[in-house]
Structures are given as C-alpha cells and as structure tokens.
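Subject: Structure for your review

Dear colleague,

Please find below a structure that I would like to hand over to you. The notes that follow it set out what was found.

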Amino acid sequence: MSAAAKSMRLDRLLANLGYGSRRDIQSLVKRGRVVLDGSPLTDAGQHVAVSRELSERMTIAGARLDPPPGLVLMMHKPLGVTCSHKEAGPLIYHLLPQRWRARKPAISTIGRLDKDTSGLLLLTDDGALLHRAIAPKSKVAKRYLARLARPLRGDEAEVLASGTLMLEGEAKPLLPVEMEIATEAECGGLSKAEVDANGPVVVVTLMEGRYHQVRRMFAALGNHVGALHRDRFGGLQMPDDLAAGEFRVLDEAGIERIFA
Ligand code: URA
C-alpha cells in the first residue's frame with residue numbers, strides 16, 4: 001500500500017470505495033451508519049488510518065467495509081470472459097461485486113489472459129504493484145498448461161530454451177522459455193492414452209508476457225494451442241478450491257508470494 005494511502009479523509013475514502021458521493025457519505029455518518037471499533041463516527045471529514053485491517057474494524061450500514069485501497073485479488077478466470085474494461089460481451093469485472101466496479105482507482109488486471117484462456121489472474125487497484133509485477137526486470141514467472149493440436153516434433157523444448165525464437169512481426173527474440181511434458185496429474189487425471197488422443201499437454205514457464213505469447217510461440221514452432229490454462233503466477237499457485245469465476249483477496253503474505 002502506498003504511503004499516500006495511509007491516512008485519508010473518511011468521506012473521500014468511502015466515496016472512492018464506491019459507497020456514494022461525498023454527500024451520501026455525510027448522510028451515512030449523520031445517521032450513525034459508519035462504525036469504527038464499535039463506535040459510530042460523527043465527522044465525515046475526519047482522517048482515518050488506512051490499512052488492510054480496516055475492514056475488520058469498520059462497518060458501513062452494518063456490513064464489513066470493503067477492502068481498502070491496496071487491494072490485490074486472485075481470480076480463477078473462466079473461459080469466455082474478456083480482460084477489458086470496455087469491450088462488448090462478458091468482462092472479467094462483471095465477476096466482481098457491483099460496488100467494487102465503482103472504485104477509484106479502478107481495479108485492473110495484472111496483465112491479461114485471452115478470452116479463450118482460463119486460470120490464475122491477479123487484479124489490483126495499486127498501479128505501482130501492477131507495473132512491478134509485469135515489468136520484465138522483476139522476472140516474475142508465469143506457468144501455463146497448453147494442450148497442443150499436433151504431436152510434438154521433438155526439438156521444441158530446446159528451441160524455446162535457446163532464447164532465439166522469433167515471433168511473427170517482432171524484432172527481438174523471446175527470452176528463454178522452459179517447456180516440459182505435463183505429468184498425468186497436471187493433465188487433470190487424464191491417462192497417457194487419453195492425452196495422446198486429445199493432443200499432447202505441455203507445461204511452459206515464461207518470464208515475459210508478450211501479446212498472445214504462448215499461442216504465437218507454438219504457431220512459430222508449427223503447432224497450434226487448442227486449450228490454455230495458467231496455474232502459476234510468480235510464487236502463487238492456483239488453489240484447488242478456487243472454482244472458475246471465483247476470487248479471493250490476498251493478504252500481505254499472498255502479495256509477497258507474487259515476487260517470491
Ligand atoms: N499466452 C497466450 O497466448 N494467451 C494468454 O492468455 C496468455 C499467454
């Protein structure tokens with residue numbers, strides 16, 4: 001959480017969290033609906049210390065305060081939703097509570113997954129953290145399971161590791177990418193025969209995030225990605241109990257694991 005967010009006027013904090021206009025907040029305060037540590041607050045202009053724990057100490061109209069600024073979410077992105085604020089069709093932000101969509105600063109995805117990619121997606125309202133997480137120099141690894149349409153030719157892992165593969169239309173080769181054949185467990189319990197019948201499944205780990213990188217990488221290797229799922233972002237692993245479309249708020253330790 002940035003230093004600037006540490007202490008804020010109550011009406012500004014709540015308006016920025018989407019609870020209404022400054023006037024609406026003043027009215028909530030007047031009616032005793034904003035409670036801190038069990039006592040109703042009386043001055044909408046007072047400053048409050050903003051920390052992650054504030055949600056456990058403050059209630060608004062009887063309900064726990066939404067996560068304060070500095071929010072980081074881990075989501076299981078389902079197939080068919082777009083990581084965009086303004087495109088047509090189902091958007092990732094529609095999976096968030098209505099009020100969270102009115103927050104300032106807005107919640108944005110940390111990088112993107114294609115509409116046809118599922119898996120671990122992080123979102124935040126913290127611009128500095130977002131940039132740090134996607135900056136190539138941070139070396140945050142992203143791991144994907146890719147089902148390929150065609151059999152492997154045999155040299156893919158070597159070419160990807162070499163750091164020489166060029167994507168169509170780009171001037172710089174990709175940084176080295178690690179590739180392994182997925183284990184049966186990683187294939188979601190499919191047997192070797194089933195996997196072979198449906199196309200090989202590989203696990204790739206990238207340090208950068210170029211546009212449609214995994215799909216374009218395998219196109220450059222003469223293959224085609226049929227299905228793509230991200231299961232790791234830095235040191236964070238998709239939890240088994242996070243169903244598609246669900247999300248959870250990361251605590252301090254979870255946020256640190258992104259960069260572990
Ligand atoms: N690479 C892709 O091709 N698509 C994604 O969604 C992520 C990485």
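Predicted model: local features only at pLDDT ≥ 70, side-chain atom pairs only at ≥ 80, totals over all residues.

In these notes, contact means heavy atoms within 4.5 Å. By that criterion, and not counting residues up to four places away in sequence, V204 touches K142, R143, Y144, L160, V177, E178, M179, V214, M217 and F218.

Residues are numbered from 1 along each chain as its sequence is written, and side-chain values use heavy atoms, with hydrogens and water left out.

Domains and cores

The protein is divided into domain 1 (6–64), domain 2 (72–135 + 238–258) and domain 3 (141–233); these bounds come from an automatic or database domain assignment. Taken over C-alpha atoms, the centres of domain 1 and domain 3 are separated by 48 Å.

A nonpolar core is a set of buried Ala, Val, Leu, Ile, Met, Phe, Trp, Tyr and Cys residues joined through side-chain atoms within 4.5 Å. Buried means under 20% relative accessible area, exposed over 50%, and partly exposed in between (1.4 Å probe, protein chains only). The largest nonpolar core has 31 residues, of which L160, V204, V214, M217 and F218 touch the most other members. At least two residues of this core come from each of β7 (72–77), β9 (117–124), β10 (142–148), β12 (201–206), α7 (213–220) and β13 (225–233). Helices (H or I, at least four residues) and strands (E, at least two) are DSSP runs, numbered from the N terminus. Domain 2 and domain 3 each give at least three residues to this core. A second, separate core of 20 residues includes Y19, L28, A44 and V50.

L65 is placed in the loop between β6 (63–64) and β7. With a relative accessible area of 3%, L65 is buried. Its contacts, not counting residues up to four places away in sequence, are L14, L17, Y19, L54, S55, M58, T59 and I60.

Charged residues

A salt bridge is a side-chain nitrogen of Lys or Arg within 4 Å of a carboxyl oxygen of Asp or Glu. The whole structure holds 14 salt bridges. One of them joins E252 to R52, with the closest N and O atoms 2.7 Å apart. This pair links distant parts of the chain, 200 residues apart: E252 is in helix α8 (residues 252–258) and R52 in the loop between β4 (47–49) and α3 (54–57). E252 is partly exposed, at 43% relative accessible area.

R103 and D125 also meet in a salt bridge (3.0 Å, N to O). R103 lies in the loop between β7 and β8 (108–109) and D125 in the loop between β9 and α4 (127–134), so the pair ties together parts that are 22 residues apart in sequence. R103 counts as buried at 4% relative accessibility, and D125 counts as buried at 8%.

Which residue is buried yet has no salt bridge? This is R230, whose nearest side chain of opposite charge, D231, is 7.9 Å away. R230 is found in strand β13, and its side chain reaches the backbone oxygen of L120 at 2.8 Å.

Finally, E170, E208, R210 and R216 are linked in a network of salt bridges.

With kind regards

Methods: Lys, Arg positive; Asp, Glu negative; His and termini not counted. Polar contact = N/O pair within 3.5 Å; in protein donor to acceptor, adjacent residues only side chain to side chain.
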